[in-house]
Structures are given as structure tokens and as C-alpha cells.
Amino acid sequence: MASHSLSPSLTRLLFAVKYASLHPRCCAVHSRVQYSTIYNPSEKAFDKILIANRGEIACRVIKTCKKMGIQTVAVHSDVDSSAVHAKMADEAVCVGPAPTSKSYLNMDAIMDAIRATGAQAVHPGYGFLSENKEFAKRLSAEGVTFIGPDTHAIQAMGDKIESKLIAKAAKVNTIPGFDGVVKTAEEAVKIAQDIGYPVMIKASAGGGGKGMRIAWNDEETREGFRFSSQEAASSFGDDRLLIEKYIDNPRHIEIQVLADKHGNALWLNERECSIQRRNQKVVEEAPSTFLDPETRRAMGEQAVQLAKAVQYSSAGTVEFLVDSQKNFYFLEMNTRLQVEHPITECITGLDLVEQMIQVARGYRLQHKQEDIPINGWAIESRVYAEDPYKSFGLPSIGRLSQYQEPLNLSNVRVDSGIQEGSDISIYYDPMISKLVTYGATRAEALARMEDALDNYVIRGVTHNIPLLREIITHPRFISGDISTNFLPEVYPNGFKGHQLEADRRRELLASAAALYISAQLRSQRILGNLRVSSTPMKENHWELCVELGEGHHAVEVTKSGNVYTVEVDGGKVEVSGQWNLASTLLPLTINGTHRMLQCLSRGASGKIVLQYLGTSFQVHVLSKLAAQLNSYMPEKVPEDTSSILRSPMPGTMVAVSVKPGDTVAEGQEICVIEAMKMQNSLTAVKQAKVKSVHCKPGETVGEGDLLVELE
């Protein structure tokens with residue numbers, strides 16, 4: 001038989017067809033978002049992998065390992081012994097107490113776990129030891145594979161000063177700035193003056209928004225130097241700082257790269273990450289609405305140039321700042337898997353964790369650059385246990401008393417590491433999950449995200465779903481008119497929740513009134529039979545008063561079947577539904593439009609808390625007579641907060657700058673609280689004398705705890 005040589009592209013095509021069942025495209029068929037790649041089962045990877053991380057990323061890695069037939073080992077702190085990732089893995093090893101320095105950053109304990117379990121490789125996830133070159137060296141010395149780049153690349157790209165010099169040499173666009181290490185606050189001021197304000201002060205070994213401050217003048221530079229160096233030392237054990245020109249109103253767009261140990265490197269398109277608070281990403285999407293094919297290619301090629309310059313081998317991300325003219329500048333390279341990697345998996349069909357494992361084992365990439373598609377659109381919302389009404393998100397702690405992910409919806413993926421009953425503690429990042437939606441178009445992906453957020457049930461902790469929903473439905477976001485300044489520009493006075501227009505207010509009032517009547521009617525029945533009611537009600541007509549904020553609204557309700565007709569504020573609203581009062585979700589049809597509400601609480605006195613359009617609203621529904629009598633009740637006098645300072649979040653006191661008898665000026669720092677490795681300065685709201693101090697450095701405080709009293 002004559003032999004025939006096949007072209008490389010045809011060979012790849014036949015290979016893909018042969019193993020087609022192994023790589024369904026993201027969201028193409030299944031209700032839950034899928035991700036995969038061309039995977040040859042004959043390519044043996046590892047027998048056992050230890051995941052040196054926790055939470056959602058540990059669970060994410062375990063899922064791919066199970067798909068590949070690889071046994072997994074989880075490490076956990078003592079407070080994480082019942083965590084989801086510890087239960088998902090084939091084996092679990094406790095590596096120390098709750099503080100990260102004694103557990104997830106405890107190299108000795110993790111090395112002992114590797115030896116005890118016989119793990120052949122370690123996947124570090126992101127954060128913790130993922131970009132620690134000493135950890136990678138220790139693994140190598142014991143013959144254990146680090147699933148990531150080699151130590152040279154980690155060191156070169158992990159040091160922002162060195163990485164900038166390498167980027168320049170590789171002909172990658174860089175931001176003007178000072179390339180050396182800044183040693184003192186006064187030196188920082190001089191450098192900032194030379195560069196020209198505004199400037200960015202950031203940790204040389206940093207990442208994730210920690211150890212980073214923007215300064216617009218000399219005083220902010222001094223303050224930024226102090227906080228950035230302290231955060232850098234706390235988070236990374238390295239307090240070196242650098243200063244560079246801050247590009248005002250930029251976009252933050254990053255390129256996903258993938259490289260093997262044989263000199264092959266690909267760019268897997270971009271991710272738009274401009275929606276941020278405190279330099280930490282909140283909403284990401286792929287692709288970006290802003291990039292044209294030429295700019296995308298130029299950024300991708302420069303990212304690959306940088307990867308090849310440091311002989312990079314694994315998945316990595318090159319971050320750029322992009323100005324309004326599509327000029328782009330190298331920001332940093334993250335030598336690990338990014339938090340937001342799922343949206344790249346959705347539009348390319350590649351399983352990045354699987355690719356990292358195969359590359360670490362020494363296999364060549366099975367793809368060429370021309371194989372990498374952009375299929376559809378993916379959006380990721382980072383769901384945090386945070387109070388979005390405080391600086392766009394200060395940490396919240398507590399136990400998840402109810403938790404239900406919206407996986408019943410099509411084309412929704414949720415990467416999480418928690419479950420109902422899980423605790424959100426002060427020790428770790430407050431992320432609950434990464435909520436990802438996919439669509440053939442951006443509009444489709446956004447519509448699915450809106451539905452997913454409305455169907456997401458989280459009880460027991462404060463969460464940021466109100467902010468996420470407002471972002472993805474804001475006209476500026478929908479039009480793609482965004483930058484890293486989006487949140488402060490759209491909400492200059494802070495986030496206040498959904499602001500109700502007249503029609504939406506009527507919808508909410510009508511829904512609350514209908515829910516109240518439905519509950520009253522239900523209370524009249526036992527096992528489906530009528531009982532004598534202590535408050536006899538007319539069959540199908542009621543006059544009520546609904547209080548919302550400072551407003552009092554007269555409401556008339558009539559009922560026909562499951563449909564309530566509500567007259568309120570000069571308009572008529574029809575509300576219908578199944579009225580299952582035991583359900584966490586309340587699907588209603590309001591004037592013909594489907595809405596998903598959540599009843600967060602319902603009291604016997606008529607007080608109801610409804611989650612509507614993502615925001616929680618407290619309403620008080622009263623009968624007409626009860627409302628008249630209620631007007632005679634004395635009002636509760638609110639606490640005078642100008643003379644006291646309470647903790648806005650749970651955390652640890654880092655510094656207390658005052659003592660009883662001191663006089664403080666308005667805006668003067670009183671104390672510093674650290675929460676989730678971020679330091680927050682609390683200041684006086686007026687000039688006054690300190691009456692008493694109720695805290696000291698090193699103490700743990702809860703949200704609302706009294707810290708300082710002023711006279």
C-alpha cells in the first residue's frame with residue numbers, strides 16, 4: 001500500500017475528530033458550562049497531584065484531574081478540614097492552623113504532605129505559593145514537578161523591576177517610570193516629582209491589587225509609600241517598591257499565553273478586566289469590545305515575545321494598560337493561572353488546567369496559533385462576601401445559612417469552593433464564587449448573567465450581587481464605554497444600590513402588597529381548609545399602606561385566581577405567580593414581564609425584605625387602620641456617629657495612632673485595620689478630643705465594634 005504524508009493541519013484535524021467526544025465546546029450543548037481541549041488519553045500525565053491551595057481554585061484543579069484519571073491530594077488548615085476542596089480530593093492533609101503563614105504558606109508542612117502522600121507534582125493554583133520561586137526550587141530538589149513555569153521565569157516576571165527591563169529588551173511597550181527600587185518616602189516623592197503626577201506606587205513582588213497605591217501629590221506619595229510597603233511585606237514578604245507613571249482613565253486588558261518546554265508559545269486572545277475596585281477585578285469578559293483584530297494581534301504577539309524571552313512554559317498572563325487611542329503598555333506578567341481563566345476557556349474551548357498539566361509533563365502543545373478561535377462571548381462576575389455599600393466592597397464574614405447556585409439555567413458556569421453551611425472567615429479571601437455566563441453574542445451573555453444573578457441565593461453573609469447586577473445593566477457597560485475608573489465615575493458618592501424609577505417603584509410596592517395578602521390568605525388555612533381568622537378579611541379587595549424608605553403609599557389590591565391587581569401611586573400593576581412562600585425564589589410576572597424576586601425575610605408585623613433587581617429593599621405593609629395607628633408611634637433617634645468610630649469591617653488592628661486626651665483634626669488617621677491582607681486607614685470626621693480608645697494593635701475586631709470615642 002502506498003504511503004501518503006499528511007499536512008500538519010490535516011493531522012490535527014483528524015486527531016480532533018478522532019477524540020471529538022472528549023472536547024465539547026464551552027456551553028455549546030450542555031446546560032452547565034463545559035471546557036475541554038484535544039486530549040490524547042495515551043499521553044500519560046501524572047498518577048497523583050497535590051493542590052497547594054484552597055477554595056474554588058483547588059476544586060477547579062481537582063475537577064480536571066478527575067477527568068484525566070489523576071488522583072488528587074488536598075491540603076487544608078484546621079478550620080478548612082470540612083471544606084469542599086478537602087472532601088473532593090482523594091486524600092486530604094492538614095498543614096497547620098488557620099493563619100495562612102502557618103498553613104497554606106507553610107512550605108515545610110506542604111513538603112511533608114508531598115512526601116507522605118507520594119504526590120509526583122504540585123499545582124499551586126493562584127495566590128499563596130503560586131509565584132514563589134523558593135517553593136518551586138524545593139520541589140525540583142526533591143524531584144517533584146511544579147505545574148507552572150520554571151524558577152527563572154517566576155523570578156524574572158515576579159519582580160516588577162526586572163520584568164520591566166526584560167520587557168523593554170523584548171521590544172514590548174512599557175510605561176515610563178523609575179526602574180530601580182525606591183527606598184524611602186522622601187526618595188519616592190522626588191521620583192514622583194520627576195516622573196510627573198499622577199504616579200502608581202506598587203510592590204515589586206506584588207499582585208492582586210495588594211501593595212498598590214495611586215498618588216496625585218507629595219503627601220499622597222508619602223502615605224502611599226507607607227501603606228504599600230506594609231502591605232507588600234505582609235502579603236509577599238518583600239517590601240520593595242517601584243514607581244511609574246499612572247495612565248489616567250485606561251483600560252486593563254490582558255493576554256492569555258500558553259507555552260510548552262519545546263519553544264512553542266500561543267496567545268489565547270484577550271480578557272477585558274477594566275471593572276475594578278481598589279485595583280482588584282470585579283467583572284471580566286472575553287473578548288474585549290474595544291480591541292480590533294490588528295491591536296489584538298499586536299498585543300498577542302508582544303505577549304508571546306515576552307514569554308519566549310524568559311523561556312516560559314505553562315499558562316501565564318501578560319497584563320496591559322490600553323489608552324483611548326489603543327496604545328498599550330506592559331503592566332506585569334502573572335506566572336500562574338489567573339482567577340478569570342474560565343472566560344478564556346469558554347471562547348476557545350481549551351481546558352487551561354489540563355494544558356498546564358500536559359506541559360509540565362513535557363508534552364508539546366497540540367495547537368497552532370491559527371487553531372485558536374473566538375467562539376461567542378463570556379462574562380465573569382466575581383461574587384464576594386463583601387458589603388458593596390462600603391467602598392464598593394468591604395469584607396463580610398459569617399456562615400452560609402442558605403446557598404443555591406443558578407446552575408438550573410443554561411450556559412451558566414459557577415466555579416466555587418463552598419456549600420451551604422460553609423464559613424466565610426477573616427483568614428482568607430472573601431470570594432464566594434466566580435459566576436460565568438456564555439452566549440453567541442455579548443448581549444446574550446449579559447442577559448444570562450442578569451438572570452443568573454437574580455437566581456443566585458446567598459444567605460448568611462452580605463454579598464456584592466447588588467453591585468454586580470448594577471454594573472452589567474448600566475448603559476455605559478452595555479455600550480462598552482468602560483475604564484478602570486468606571487466605578488468611581490458612575491458612583492462618585494459611593495454605591496447606593498438600584499435607584500428606583502417610578503415604574504419600578506410601583507412594581508416593587510405591588511409585589512410586596514401581593515406577597516403580604518398571599519401570606520395573610522395562607523394563614524387562614526390549615527391543611528387546605530379554612531380556619532377562623534383573628535383578623536377577618538374581605539374575600540378579594542384590600543386597602544393597605546406600604547412604607548418604603550421615607551415614603552408612605554396608599555395601595556388597593558384586588559385578587560382573581562393567582563393574579564393580583566394593585567393600584568398604587570396613580571398606576572395599576574398586575575402581579576401573578578405561584579406564591580410558594582417556602583421557596584427561596586419568588587418568580588413573578590409583573591405587567592407581563594417575568595421577574596425573579598427573592599423574599600429575604602418576612603415578619604408577622606408586615607415587615608418584608610425583598611431582593612428586587614439585585615438590591616434588597618425593606619418595605620412595611622400595613623392595613624389602613626394599622627398605618628393610621630402607627631403614625632402615633634415615637635421614632636427611634638439614630639445614633640450620633642460623629643463622636644464615635646466603629647469598625648466598618650471585621651479584621652485585625654494594625655495600628656492605633658491616638659490615645660485618650662489627644663486632639664485630632666478632621667481627616668486625621670485614628671487607626672489602621674487589616675482585612676484579607678488589605679490595610680484600611682480610618683480617619684476622624686471632625687476635629688475633637690479623644691475621650692476613650694477601645695482597641696489596641698493585634699486585636700481582632702468585628703464589624704460595628706466600637707473603636708474610639710470622641711468628646
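Strand 12 (residues 280-286) is largely enclosed by the rest of the structure, because 7 of its 7 residues are buried, where buried means under 20% relative accessible area, exposed over 50% and partly exposed in between (1.4 Å probe, protein chains only). Strands here are DSSP runs of E of at least two residues and helices are runs of H or I of at least four, both numbered from the N terminus. The model is predicted, so that local features need pLDDT of at least 70 and side-chain atom pairs count only at pLDDT 80 or more, while totals for chains, interfaces and linings use all residues. Residues are numbered from 1 along each chain as its sequence is written, and side-chain values use heavy atoms, with hydrogens and water left out.

Two strands are taken to pair if DSSP finds at least two bridges between them. Strand 12 pairs in the antiparallel sense over 4 bridges with strand 11 (residues 265-277), and glutamate 285 of strand 12 is the bridge partner of glutamate 272. These two strands form a hairpin with 2 residues between them; arginine 278, in the loop that links them, has a phi near 50°, a positive value in a residue other than glycine, and is partly exposed, with a relative accessible area of 27%. Strand 12 also pairs with strand 15 (residues 377-384), again in the antiparallel sense over 4 bridges, with serine 381 of strand 15 as the bridge partner of valine 283.

The peptide bond from alanine 286 to proline 287 is cis, with omega near -5°, and proline 287 lies in the loop between strand 12 and helix 10 (293-309). A cis peptide bond is also found from tyrosine 197 to proline 198, with omega near 0°; proline 198 is placed in the loop between helix 8 (185-195) and strand 7 (199-207).

The second largest pocket has a volume of about 560 Å³. On a 1 Å grid over the protein atoms alone, a pocket is an open set of points where a 1.4 Å probe fits, with protein on both sides within 12 Å along at least five of seven lines, and lining residues have an atom within 4 Å of a point; the volume is the space filled by probe spheres set on the points, which are joined across faces, edges and corners. Its lining comprises 14 residues, of which Glu547, Gly549, His552, Asn630 and Glu635 lie nearest the centre, and strand 33 gives the most to this lining, with 3 residues.
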